[in-house]
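Trainee: Could you take a close look at the salt bridges here, and at how their partners are placed with regard to exposure?

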Amino acid sequence: MRKVQRTVPAPAELGTEVIGIPEGTDVKLDLRLEAVMEGVLVSGTVSAEAVGECIRCLEEVRLGLNVQIAELFSYPENRVAEDQDDDRQEVEEDMINLEPALRDAVVSELPFQPVCREDCPGLCSECGVRLADDPDHSHEVADPRWAALQGILTDGVSSKDSGSPTVGDTDEPKES
């Protein structure tokens, strides 16, 4: 068994469209390499900082990751014919390519919908103002179905009181 602790630069596209580990930033590996009958078992932790956007307010989100990894890298001569089609990793010339296993472990731990905080109110759907900055923000929006009735009232006074005629009004008083 061999313990390995290294800090390596993050490979490209280590994440999703919304959040990921930026290329070239530090990724800390704390791994154990164990020789087993089938090959080399790599296990340990991967630590890095993911950066992305809050899906509600579009502010930057930073998330510390500490991900467990475990992958078996097979010796090519130990694979049986039926295993040839598997997506198993192999030891090639006494080297292992850890990037696919690292990508699988890290991407599966990233949040599908990252938020800056759990109670983030997001953005105003009318004007785009960040609601966390102005909790009392509101708009007076009239329902378009009532638009025809808005013409009847002018400044809170009905048109009958204002002296202007309305549809159906007659100048003669009605008798009951």
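Mentor: Let me begin with the term for exposure: a residue is called buried when its relative accessible area is under 20%, exposed when it is over 50%, and partly exposed in between, with a 1.4 Å probe and protein chains only. This is a predicted model, in which local features need pLDDT of at least 70 and side-chain atom pairs count only at pLDDT 80 or more, while totals for chains, interfaces and linings use all residues. Residues are numbered from 1 along each chain as its sequence is written, and side-chain values use heavy atoms, with hydrogens and water left out.

Side chains of opposite charge can pair when their charged atoms come close. A salt bridge here is a side-chain nitrogen of Lys or Arg within 4 Å of a carboxyl oxygen of Asp or Glu, and a search of the whole structure finds seven of them.

One of these joins Arg-117 to Asp-119, with 2.7 Å from N to O; Asp-119 is exposed, at a relative accessible area of 55%, whereas Arg-117 is partly exposed, at 36%. Another pairs Arg-130 with Asp-133, whose closest N and O atoms are 2.9 Å apart, and here Asp-133 is exposed, with 57% relative accessible area, while Arg-130 counts as partly exposed at 21%. In the bridge between Arg-32 and Glu-34, the closest N and O atoms lie 2.7 Å apart; Arg-32 is partly exposed at 34%, and Glu-34 is partly exposed at 21%. Finally, Glu-49, Glu-60 and Arg-62 are linked by salt bridges into a network.
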